[in-house]
There are 2 protein chains.
Amino acid sequence: MSTATPNYDALSATWTRLHRLGHLQALAGWDQAANMPPKGNEARAAAMGEMAGLLHRLRTAPELGGQLQGAEQEGLNDLQRANLREMQRQWRASHALPESLVLRQQLATSRCEHAWRTQRPANDWAGFLVNFKPVLAVAREEAALLAAQTGLRPYDAMMDRYEPGMRCAQVDRVFGEVRQWLPGLIQRVTARQSQEAVLAPVGPFPVDRQRALCEQVIALLGFDFEAGRLDVSTHPFCGGVPEDVRMTTRFSDDDFMASLMGTVHETGHGRYEQNLPREWLGQPVAEARSMALHESQSLSFEMQLGGHPGFVSRLAPMVSAAFGAQPAFEAHNLHRLVTRVKPGLIRVDADEVSYPAHIILRYEIERLLIEGEIEAEDVPALWDAKMMELLGVDTRGNFKDGAMQDVHWPEALFGYFPCYSLGAMYAAQWFAAMRRTMPDLDQRIAAGDLAPVFDWLREHIWTQASRWTTDELALRASGEVLNPAHFKAHLEQRYLG
Amino acid sequence: MSTATPNYDALSATWTRLHRLGHLQALAGWDQAANMPPKGNEARAAAMGEMAGLLHRLRTAPELGGQLQGAEQEGLNDLQRANLREMQRQWRASHALPESLVLRQQLATSRCEHAWRTQRPANDWAGFLVNFKPVLAVAREEAALLAAQTGLRPYDAMMDRYEPGMRCAQVDRVFGEVRQWLPGLIQRVTARQSQEAVLAPVGPFPVDRQRALCEQVIALLGFDFEAGRLDVSTHPFCGGVPEDVRMTTRFSDDDFMASLMGTVHETGHGRYEQNLPREWLGQPVAEARSMALHESQSLSFEMQLGGHPGFVSRLAPMVSAAFGAQPAFEAHNLHRLVTRVKPGLIRVDADEVSYPAHIILRYEIERLLIEGEIEAEDVPALWDAKMMELLGVDTRGNFKDGAMQDVHWPEALFGYFPCYSLGAMYAAQWFAAMRRTMPDLDQRIAAGDLAPVFDWLREHIWTQASRWTTDELALRASGEVLNPAHFKAHLEQRYLG
């Protein structure tokens with residue numbers, strides 16, 4: 001059969017192939033975190049490295065440039081055109097990087113991340129610097145190459161890989177606003193909460209019952225266990241492929257809240273993946289729109305729903321059934337536990353209100369690092385100053401709970417951090433939009449009816465995948481592009497209302 | 001750096017690459033059986049199909065033929081020469097098959113195997129035939145192509161993929177002998193055992209305790225849990241890669257013996273894989289010698305050790321500790337349970353004595369199928385006749401526990417079945433060799449000392465990998481090539497001694 005779109009068809013076949021091979025790579029990554037015994041690591045790293053090289057060669061095959069140009073002239077429909085736009089974006093990012101750089105980066109990050117696992121608990125900043133400086137050097141090279149390819153500034157070019165279209169100018173404006181009101185808000189909330197009595201749950205909480213509770217809650221949240229699983233890993237994540245989503249959590253028998261709320265978070269990611277449009281699977285247009293949009297789903301679940309008094313009153317009897325009734329499990333107390341605000345050192349443990357401070361600090365520092373304004377040695381002093389300024393917390397000398405706490409920098413994921421807080425803002429914006437069209441939304445959630453939330457997200461976010469740019473998607477979904485006022489209003493309503 | 005062996009080095013790099021990509025494929029196969037939720041199947045099949053095509057193209061790349069010829073002229077040491085021999089063997093088998101046939105075969109077997117899962121319980125032989133006839137047709141094509149490439153007869157060429165060097169002439173001789181004495185031996189053993197009182201264990205046997213018991217026994221058998229795992233799947237197997245061995249079992253709470261002895265079996269496979277020579281990993285010379293040799297390890301564990309009264313007396317207190325003491329768990333009763341002979345319909349449930357009858361029957365039938373002497377429709381009548389002749393069991397009309405019981409034919413694994421019984425014979429031969437050099441072997445096993453067995457297997461089998469042909473390996477290990485007299489002597493000693 002002859003075709004009127006030979007270039008587009010060839011590209012489409014290449015991306016299907018990338019998707020299939022990427023399936024094996026995603027599975028191997030999940031298994032590495034969830035199952036792999038320690039002595040399997042070397043062989044696994046070699047296997048995944050081989051595949052990474054292969055995928056890079058497929059993404060940068062010489063014929064792709066011509067096919068991408070040729071497809072521009074072919075009679076494509078709107079979806080095909082959107083798909084081509086995403087192919088071009090992915091191709092530009094891969095094409096900018098020679099395989100030798102990809103391999104050097106993999107070596108540097110793998111060495112740094114491996115050493116970091118022991119250096120972090122030992123608070124060994126000097127040792128960390130030895131491996132981190134080469135990581136930073138390669139990341140700057142990468143940023144320069146991406147910048148040359150895209151015409152963007154270096155940090156913008158890095159951020160564009162995770163959040164297409166997002167630029168520092170916009171992040172600065174948005175985070176600049178947050179910087180104005182956040183410290184005051186935190187003070188007002190903590191002052192108010194200091195008046196409230198909160199009962200702490202009394203453990204231990206057996207792991208098998210925690211697991212059963214998590215699975216119940218995941219099912220309540222609509223996750224399809226016939227197309228995914230929940231397993232255990234040191235660092236929880238949501239991986240796998242849209243057809244087979246692999247979520248992980250971790251259990252500690254003295255704290256069920258962390259694994260429960262963490263699982264709610266991953267379920268947001270999981271449902272996004274499970275509800276991407278099936279008929280286009282394998283094509284870039286069927287991939288999740290961006291990392292901020294992805295986080296907007298996990299945070300719609302964890303923060304918007306998870307901290308919602310109506311949803312918490314749904315959880316409360318499930319918690320009592322799992323561990324036996326105790327006063328701490330009553331709905332109003334459970335809600336106070338879930339919404340407790342307490343500035344602290346660790347980002348992943350942070351509450352919804354102080355979380356943006358952790359992100360703003362990292363964004364400001366990593367941008368200076370990538371643009372060569374500061375060196376790795378300068379990080380701790382900046383970290384200390386910004387933590388004091390934003391959260392009033394003293395971090396001096398505590399590297400392990402300071403600049404060494406996250407895996408992102410050892411792994412060279414520069415440009416990712418902003419997505420977390422942008423995601424929180426989008427999540428607030430989605431719920432504001434839902435309330436405009438469904439004034440009774442909160443009553444329905446309180447009555448245990450979550451379907452309106454899932455229906456809205458499915459229609460406006462999940463099934464839209466990468467059909468539109470992020471701005472277009474936000475506009476279609478909520479009538480406006482990113483507007484952080486909704487996030488501020490959400491926090492004020494929930495914590496001071 | 002220049003090298004004196006450019007062709008060999010290029011081949012070696014290709015096989016390292018095949019090993020790494022094969023790691024991802026093996027992991028995906030294990031996950032499919034042990035973890036994958038049902039809706040993940042289509043995407044997984046597509047991903048593994050993509051990889052199968054890629055691996056086939058790598059194994060048949062045009063430059064390999066010249067490199068294999070060129071390497072013949074290079075100054076290789078003995079190990080390199082052995083490695084080259086194995087590369088040539090693998091290349092011949094792959095090179096004979098066009099990718100289109102590989103893909104057609106995958107389609108036919110995948111369709112047949114999928115339908116078989118429901119047709120078997122429904123006893124639907126007519127439905128099975130519809131999908132099995134195309135599988136057989138492609139297998140005959142494959143056999144013809146392999147025969148043309150190797151100069152062997154079609155079934156020999158198929159069997160050579162699993163058991164290099166083994167030919168029907170030898171199998172006929174060996175199985176012909178067994179055919180002479182087996183029915184009589186079964187009669188004598190069952191007559192003798194009918195006089196013995198055997199207590200049946202009283203269940204239920206909670207699955208978590210069965211799992212803990214299996215893990216204890218696996219550890220006792222020397223499996224390295226830092227380089228492997230035990231999981232659950234419908235059909236137990238040993239998969240993964242040598243650096244990270246994935247064994248599976250299945251649990252039923254009314255029968256702990258099946259999962260326990262099945263796990264002992266898989267541990268034999270697992271230790272072989274874990275003890276392949278690490279410095280050559282990724283090269284063909286470091287792969288397990290053959291499937292009969294592989295089964296000789298699983299059966300050394302399950303049958304030679306597992307049915308050994310000394311080993312069973314080691315197991316007995318572990319069983320009591322797991323489930324609470326009961327008379328059936330006393331060592332002499334447990335040994336009678338383990339060595340109970342009862343001809344039946346199902347191969348995988350068969351005891352050590354009647355097992356070869358199941359294999360001989362399958363070998364005789366599948367050889368006729370591949371060589372075009374019979375058609376698929378002729379199988380049930382032959383099956384019925386041979387079951388009556390060999391085991392005195394009536395199978396008429398029972399297709400599901402007859403010719404439909406194994407996954408091998410739906411998956412076109414023609415030529416594999418003989419390896420099971422050849423493995424049982426090799427296992428008996430290894431233990432006879434051990435006893436010649438260690439006359440106190442049985443006392444040491446009875447005293448709980450398994451190290452002499454493992455040391456002998458490690459030295460003579462595991463670390464030798466594919467360095468020698470199977471005949472050379474057997475000769476070096478035991479002073480003779482395959483000699484089925486040891487198997488007969490073993491059965492007579494254990495069951496009539």
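Me: What makes the sheet in chain A an open one, and in what order do its strands come?

Reply: Keep in mind that this is a predicted model. In chain A, 3 strands line up as β1-β3-β2, with mixed pairing. β1 (228-232) and β2 (238-241) of chain A each have a single partner strand, so each is an edge with one side left without a neighbour in the sheet. On average, neighbouring strands are turned by 20 degrees against each other, direction ignored.

Me: How do you know that β2(A) and β3 of chain A are joined?

Reply: Two strands pair if there are at least two bridges between them. Here 4 bridges join β2(A) to β3 (residues 244-249) of chain A, and the two run antiparallel, so they count as a pair. As for who faces whom, Gly240(A) sits opposite Val245(A) in β3(A).

Me: Which helix packs on the sheet, and which strands does it touch?

Reply: That's α10 (residues 256-274) of chain A, touching β1, β2 and β3 of chain A. The direction of α10 makes about 165 degrees with that of β3(A).

Me: How many residues of chain A are in contact with chain B, and what kinds of residues are on that side of chain A?

Reply: 29 residues of chain A are in contact with 29 of chain B. The elements giving two or more residues to that side of chain A are α1 (6-34), α2 (41-59) and β1 of chain A, and α1(A) gives the largest share, 8 residues. By class, that side of chain A has 14 nonpolar, 4 polar and 11 charged residues.

Conventions. Residues are numbered from 1 along each chain as its sequence is written. Chains are lettered from A and ligands numbered from 1 in the order in which they are written. This is a predicted model: local features need pLDDT of at least 70, side-chain atom pairs count only at pLDDT 80 or more; totals for chains, interfaces and linings use all residues. Axes are lines fitted to C-alpha atoms, for helices over the stretch in contact, and angles run from 0 to 180 degrees between N-to-C directions. Two residues are in contact if their C-beta atoms, placed from the backbone, lie within 7 Å. Ala, Val, Leu, Ile, Met, Phe, Trp, Tyr, Cys and Pro count as nonpolar, Asp, Glu, Lys and Arg as charged, and the others, Gly among them, as polar.
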